[in-house]
Amino acid sequence: MSFFFFKRVLANPVRVGYIVPSSPFLTHMTARLINYSKARTLVELGPGEGCHTRRIVRSMTPDTRLLLLELDDHFVRHLTAQFAHDPRVTVVHGDAMHLSEILSRHGAAEPDYIVSGIPFTIMGRELREKLLGNIALAMGPATRIITYQTSVLISEHRHFELVRRKHCLLNVPPIHILELRKADTAASLAAVLG
Ligand SMILES: C[S@@+](CC[C@H](N)C(=O)[O-])C[C@H]1O[C@@H](n2cnc3c(N)ncnc32)[C@H](O)[C@@H]1O
């Protein structure tokens, strides 16, 4: 599994970001931040080979749905085969840059949670700003985004407000886990739309 992941890193180092999938310690800590009794629509951005996904589906209720949005076609094929037996899971080959349209098309607008593995903090500033703006646009007032990042940079981003923050040392690399909500400011919205 890790060799498959590593081959995708070699094919696209900036997009995939880290050299190995998230550790079981990180997937455990991340999945625990979700309130499964309330969540009805979950979205995962950049699920990769599905290490967080496997943890999340184990806790999801039967009437919760999970939409996986992945840019890499090899990962998409792997995820599609892996979750073919689970009607709660939908795999979409697409770019988080178009998150609002994709969620609307799948009847998943303003989800309860967005779990994101996209390595925002190691990509170029311009791409990061566009991606974060489009993700913020797809969030409702109750949507929470849970993301694991090597820096806490985006917890201070104008589009988001920090809800809670954890740190996982037992991961390569050691990583911050951030739970954020959409900032409730006109300035933030204007920045997204502008
Ligand atoms: C750091 S890897 C995380 C993989 C997995 N979630 C894990 O924790 O091991 C980042 C993932 O995000 C995907 N990705 C990067 N940019 C994306 C985008 N704009 N839209 C959707 N997926 C993206 C990559 O293809 C890769 O699978």
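This is a predicted model: local features need pLDDT of at least 70, side-chain atom pairs count only at pLDDT 80 or more; totals for chains, interfaces and linings use all residues.
Thr147 sits in strand β5.

**Around Thr147**

A polar atom of the Thr147 side chain lies 2.9 Å from the backbone oxygen of Ser116.

What else does Thr147 touch, leaving out residues up to four places away in sequence? Select Ser116, Ile118, Phe120, Ile154, His176, Ile177, Leu178 and Leu180, and you have the list.

**Strand β5 to strand β7**

Stay on strand β5 and pick Arg144. Arg144 forms a salt bridge with Glu179, and the closest N and O atoms are 3.8 Å apart. Since Glu179 is in strand β7 (residues 175–182) and Arg144 is in strand β5, the pair ties together parts that are 35 residues apart in sequence.

Are these two partners buried or exposed? Glu179 is buried, with a relative accessible area of 4%. Arg144 has a relative accessible area of 19%, and because buried means under 20%, Arg144 counts as buried too.

How many salt bridges does a search of the whole structure find? The count is nine, and two further stops are worth a click.

Go to Arg158 and Glu129. These residues form a salt bridge, with 3.2 Å between the closest N and O atoms. Arg158 lies in the loop between β5 (144–149) and β6 (160–168), while Glu129 lies in helix α7 (residues 125–137), so this pair ties together parts that are 29 residues apart in sequence. Colour by accessibility if you like: Arg158 is partly exposed, with a relative accessible area of 45%, whereas Glu129 counts as buried at 19% relative accessibility.

Next, select Arg54 and Glu49. Their side chains meet in a salt bridge at 3.2 Å, N to O. Arg54 is partly exposed, with a relative accessible area of 29%, but Glu49 is buried at 2% relative accessibility.

Now for some rings. A pair of aromatic rings is described by the distance of the centres and the angle of the planes. Here the count comes to two aromatic pairs.

Start with Phe4 and Phe75. What kind of pair do they make, and why? The ring centres are 5.5 Å apart and the planes stand at 85 degrees, so this pair is edge-to-face; the cut-off for that class is over 60 degrees. Zoom out and you'll see that the pair links distant parts of the chain: Phe4 is in helix α1 (residues 2–11) and Phe75 is in helix α5 (residues 73–82), 71 residues apart. Phe4 is partly exposed at 21% relative accessibility, while Phe75 is buried at 2%.

Phe5 and Phe75 form a tilted aromatic pair, 5.7 Å centre to centre with 40 degrees between the planes. Phe5 lies in helix α1 and Phe75 in helix α5, so parts 70 residues apart in sequence are tied together by this pair as well. Both Phe5 and Phe75 are buried.

**Last stop: the ligand**

Which of the 24 residues around the ligand come nearest? They are Val16, Ser22, Glu70, Asp95 and Tyr148.

Take the polar atoms one at a time. Click on Glu70: an N or O atom in its side chain is 2.5 Å from an oxygen atom of the ligand. Then try Gly46, where a backbone N or O atom lies 2.9 Å from a nitrogen atom of the ligand. Finish with His52, which has a polar side-chain atom 3.4 Å from an oxygen atom of the ligand.

How much of the ligand does the protein bury? Taken alone, the ligand exposes 600 Å², and 98% of that is buried by the protein.

How values were computed: Residues are numbered from 1 along each chain as its sequence is written. Side-chain values use heavy atoms; hydrogens and water are left out. Rings of Phe, Tyr and Trp (its six-membered ring) pair if their centres lie within 6.5 Å; planes under 30 degrees apart count as stacked, over 60 as edge-to-face and the rest as tilted. Helices (H or I, at least four residues) and strands (E, at least two) are DSSP runs, numbered from the N terminus. Buried means under 20% relative accessible area, exposed over 50%, partly exposed in between (1.4 Å probe, protein chains only). A salt bridge is a side-chain nitrogen of Lys or Arg within 4 Å of a carboxyl oxygen of Asp or Glu. A polar contact is a pair of N or O atoms within 3.5 Å; within protein, one must be able to donate a hydrogen and the other to accept it, and residues adjacent in sequence count only if both atoms are side-chain atoms. Contact means heavy atoms within 4.5 Å. A residue is near a molecule or strand if one of its heavy atoms lies within 4 Å of it. Accessible areas come from the Shrake-Rupley method with a 1.4 Å probe; for residues, only the protein chains shown count as cover.
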